[in-house]
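My entries follow in the order in which I made them.

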Amino acid sequence: CVFDASSNLLLFSSLVGIKVVNLLENKVVRVLGKPESSDRFLSLSLLRGTAGKFQHTAEGDQDPTLACTSFNKNRFYLFTPREPDHGGGGE
């Protein structure tokens, strides 16, 4: 399990995905990785950095990223609040 910087949120793996629990209200705020229902997430790590110098974000924006591994899979997963960049350049 992993706490966020404010120690108000607890992130832990479960059978349905990664649950984010607000400890002050004792409620599940979000479930990450639910579409990957066949994966059992094991190791969690929360990266609490700011956006890099090549990103177009406002000064001081937080860019948290959750990195995790899955049981019997040779890959790792990254969960971030950013939308994917399709890189097409067109509309």
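**Aromatic cluster.** I looked for ring pairs and found Phe41, Tyr77 and Phe79 linked by them into a cluster. This is a predicted model, so I took local features only at pLDDT of at least 70 and side-chain atom pairs only at pLDDT 80 or more, while totals for chains, interfaces and linings use all residues. Residues are numbered from 1 along each chain as its sequence is written, and side-chain values use heavy atoms, with hydrogens and water left out.

My rule for a pair was that rings of Phe, Tyr and Trp (its six-membered ring) have centres within 6.5 Å; planes under 30 degrees apart are stacked, over 60 edge-to-face, and the rest tilted. The count by this rule is 2 aromatic pairs. Phe41 and Tyr77 are edge-to-face because their planes stand at 90°, with the ring centres 5.3 Å apart. Phe41 sits in strand β5 (residues 41-47) and Tyr77 in strand β7 (residues 76-79), so I noted a pair that links distant parts of the chain, 36 residues apart. Strands here are DSSP runs (E, at least two residues), and helices would be H or I runs of at least four, numbered from the N terminus.

I then checked burial (buried is under 20% relative accessible area, exposed over 50%, partly exposed in between, with a 1.4 Å probe and protein chains only). Phe41 is buried at 0%, and Tyr77 is buried at 13%. Phe41 also pairs edge-to-face with Phe79, at 5.9 Å between centres and 80° between planes. That pair again joins β5 to β7, across 38 residues. Phe79 counts as buried, with 17% relative accessibility.

**Sheet.** Which strand order does the open sheet of 3 strands have? I read it as β5-β6-β7, with antiparallel pairing. Strands pair if DSSP finds at least two bridges between them. β5 and β7 are the edge strands; each has a single partner, so one side of each has no neighbour in the sheet. On average, neighbouring strands are turned by 20° against each other, direction ignored. The axes are lines fitted to C-alpha atoms (for helices over the stretch in contact), and angles run from 0 to 180 degrees between N-to-C directions. Between β5 and strand β6 (residues 65-70), which run antiparallel, I found 5 bridges. Ser45 stands opposite Ala67 in β6.

**Charged pair.** I found 1 salt bridge (a side-chain nitrogen of Lys or Arg within 4 Å of a carboxyl oxygen of Asp or Glu). Asp39 and Lys73 form it, at 3.6 Å from N to O. Asp39 lies in the loop between β4 (27-32) and β5, and Lys73 in the loop between β6 and β7, so the bridge ties together parts 34 residues apart in sequence. Are the two partners buried or exposed? Asp39 is buried at 8% relative accessible area, while Lys73 is partly exposed at 33%.

**Cysteines.** I searched for disulfides (cysteine sulfur atoms within 2.5 Å) and the count is 0. Cys1 is exposed at 72% relative accessibility, whereas Cys68 is buried at 2%.

**Asn22.** My last entry concerns Asn22, which is found in strand β3 (residues 17-22). Asn22 is buried, with 15% relative accessibility. Neighbours within four places in sequence aside, Asn22 is in contact (heavy atoms within 4.5 Å) with Asn8, Leu9, Lys27 and Val29.
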